[in-house]
Amino acid sequence: KTATDRWFGKWQHEANYLGVKTSILKQKVSDQNFHDDFDHLSPIDQDVDYLKNSIMFSSAIGDWAATLLYEEYELVNQNKLSSLPYRRLPQLTLNKSFTVLDERISINWNNEFVQFDKQDRVVGDRLHINPTLSYPLEGNYYFITPELELDFTSYQLDNNVNDNNSL
């Protein structure tokens, strides 16, 4: 490519409408050598192997909080294909925090479901559930908060070559 047809574009937008926060990031380059003509970019931007593109919606209503994320990457440096992160198409988190028994016991319920994908690699789904239960104990000269936590993660993997399940 010549200097006249080489380009870099970035669009970033954040909004909050009716309690729903939205964040959009779109980046694109004409080719992997676009830095040759864009020396005004910051040193961080000049050393990139891939560009992140994402859209995220998040909201909180009462004790509930939810986030929906779509995230993918454009490869800039073809020699760094192995370092390209997994795409999250989509990632959904749903969390709830509340108290019971006269607000003495705190319960946090964190959930995540994500579909991840990467060219020529293992792809699949992940479900992560993480509830916690805590009970603060306080006196004049002490305080302690015992906590019970369950951490459950389940994967459904595809594209396994020779049953290699490593990510």
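Modeller: Lysine 96 counts as buried because its relative accessibility is 17%; buried means under 20% relative accessible area, exposed over 50%, and partly exposed in between (1.4 Å probe, protein chains only). The side chain of lysine 96 meets that of aspartate 63 in a salt bridge, at 3.6 Å from N to O. Lysine 96 belongs to strand S5 (residues 87–100), whereas aspartate 63 sits in the loop between strand S3 (50–61) and strand S4 (64–75), so the pair ties together parts that are 33 residues apart in sequence. Helices (H or I, at least four residues) and strands (E, at least two) are DSSP runs, numbered from the N terminus. Aspartate 63 is partly exposed because its relative accessible area is 41%.

The criterion for such a pair is a side-chain nitrogen of Lys or Arg within 4 Å of a carboxyl oxygen of Asp or Glu. By this rule the count comes to seven salt bridges. Side chains of opposite charge can pair when their charged atoms come close.

This is a predicted model, in which local features need pLDDT of at least 70, side-chain atom pairs count only at pLDDT 80 or more, and totals for chains, interfaces and linings use all residues. Residues are numbered from 1 along each chain as its sequence is written, and side-chain values use heavy atoms, with hydrogens and water left out. The pLDDT is the predictor's confidence in each residue, from 0 to 100. Its average over the chain is 86, and 84% of the residues score at least 70. Confidence is lowest in helix H1 (residues 43–46), with a mean of 51, and highest in S10, at 97. Where pLDDT is low, the predicted coordinates should not be read in detail.

Arginine 87 takes part in a salt bridge with glutamate 72, at 3.9 Å from N to O. This pair links distant parts of the chain, with arginine 87 in strand S5 and glutamate 72 in strand S4, 15 residues apart. Arginine 87 also forms a salt bridge with aspartate 117, whose closest N and O atoms are 2.8 Å apart. Aspartate 117 lies in strand S6 (residues 105–117) and arginine 87 in strand S5, so this pair ties together parts that are 30 residues apart in sequence. Arginine 87 is partly exposed, with a relative accessible area of 28%; glutamate 72 is partly exposed at 34%, and aspartate 117 is partly exposed at 26%. A network of salt bridges links Lys52, Glu71 and Arg88.

Buried residues account for 26% of the 167 residues. Contact means heavy atoms within 4.5 Å, and among contacts between residues at least 6 apart in sequence, 47% join residues at least 24 apart.

Strand S1 (residues 8–17) pairs with strand S2 (residues 20–29) in the antiparallel sense over ten bridges; two strands pair if DSSP finds at least two bridges between them. Within this pairing, alanine 15 stands opposite threonine 22 in S2. The hairpin of S1 and S2 has two residues between the strands, and leucine 18 takes a positive phi near 55° there.
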